[in-house]
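Cut-offs are given where a term is first used.

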Amino acid sequence: MAANVAQWSGKFRKPDPPSETGMAPGAAGGPMAQLETRLAGVVVAALKEAFDRDRARMDLERAHLDAERQRAEQALRAELRRQAADLALGRIRTAAIMAIGVWMLSAALGVWMPGMRAGATRYILGAGWACALGTLACAFAGWQRIAAWSAADAVAASDRDARPGPAELAAPWLLVAAIALVGIALLMAI
């Protein structure tokens with residue numbers, strides 16, 4: 001823009017006749033040279049101000065994009081955390097429901113089958129019930145740990161907390177032991 005203004009001003013200006021020395025009249029420091037110098041200073045200052053404004057605007061946009069990216073990453077971490085917690089809670093809930101089912105079925109079989117209450121079968125059935133109750137206890141402990149982990153701030157909680165705890169690892173094995181012991185007691189009662 002400044003170059004266009006300078007070209008236009010040169011078109012409308014009349015060329016001065018050369019002096020006896022062969023130098024242009026503005027070269028000696030006349031009023032036109034001073035005016036051109038001031039005009040050039042104003043143009044340079046305007047360009048510098050425009051560039052500074054553009055740089056400030058670009059810095060502001062970059063900061064805004066960085067903030068948006070950080071918010072998006074935080075939202076993604078929170079969503080992944082929620083999904084992991086839902087999956088872990090679903091596994092724990094399934095183990096608890098199955099433990100209750102095994103316990104109720106074995107109690108019903110213990111009432112209807114007289115052989116389930118006699119001798120070693122009674123002790124094996126009791127061990128199966130103990131494993132089923134242990135599964136429930138582990139499920140409740142795991143439920144509490146997972147709920148606390150999912151409610152914790154994403155910054156405070158680490159990936160280490162996302163791994164299953166001892167209670168969540170023991171619950172399925174206790175359930176398998178309960179099913180096996182109740183099955184053995186049923187086979188012995190038959």
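1. Helix 3 and helix 4 are roughly antiparallel to each other, a label that applies to angles over 145 degrees, where under 35 would be roughly parallel, 65 to 115 roughly perpendicular and the rest oblique. Their packing angle is about 160°, and the axes are 8 Å apart. Axes here are lines fitted to C-alpha atoms, for helices over the stretch in contact, and angles run from 0 to 180 degrees between N-to-C directions.

2. The model is predicted: local features need pLDDT of at least 70, side-chain atom pairs count only at pLDDT 80 or more, and totals for chains, interfaces and linings use all residues. Residues are numbered from 1 along each chain as its sequence is written, and side-chain values use heavy atoms, with hydrogens and water left out.

3. The crossing of helix 3 over helix 4 is left-handed, meaning that the near helix is turned anticlockwise from the far one by less than a right angle (clockwise would be right-handed). The contact of helix 3 with helix 4 has 23 nonpolar, 5 polar and 2 charged residues. In this classing, Ala, Val, Leu, Ile, Met, Phe, Trp, Tyr, Cys and Pro are nonpolar, Asp, Glu, Lys and Arg are charged, and the others, Gly among them, are polar.

4. Helix 2 and helix 3 have axes that come within 9 Å and cross at roughly 160°. That makes helix 2 roughly antiparallel to helix 3. Helix 2 also passes helix 3 in a left-handed crossing, and by class the contact of helix 2 with helix 3 has 19 nonpolar, 3 polar and 2 charged residues.

5. As for the overall make-up, the protein has 4 helices and 0 strands, and its elements run α-α-α-α from the N terminus on. Helices (H or I, at least four residues) and strands (E, at least two) are DSSP runs, numbered from the N terminus. Of the 190 residues, 21% count as buried; buried means under 20% relative accessible area, exposed over 50% and partly exposed in between, with a 1.4 Å probe and protein chains only.

6. How many aromatic pairs does the structure hold? There is 1 aromatic pair, formed by Trp103 and Trp129, edge-to-face at 6.2 Å centre to centre with 65° between the planes. Rings of Phe, Tyr and Trp (its six-membered ring) pair if their centres lie within 6.5 Å; planes under 30 degrees apart count as stacked, over 60 as edge-to-face and the rest as tilted. Trp103 lies in helix 2 (residues 31-112) and Trp129 in helix 3 (residues 119-151), so the pair ties together parts that are 26 residues apart in sequence. Trp103 is partly exposed at 38% relative accessibility, and Trp129 is partly exposed at 30%.

7. Two arginines sit over aromatic rings. The charged end of Arg81 is 4.5 Å from the centre of the Trp149 ring, and that of Arg122 is 5.6 Å from the centre of the Tyr123 ring. The criterion is NZ of Lys or CZ of Arg within 6 Å of the ring centre and within 35 degrees of the ring normal.

8. Tyr123 belongs to helix 3 and is exposed, at 60% relative accessibility.

9. Leu187, in helix 4 (residues 166-189), is exposed with a relative accessible area of 66%. Its C-alpha atom is 9.8 Å from that of Gly115, 72 residues apart along the chain.
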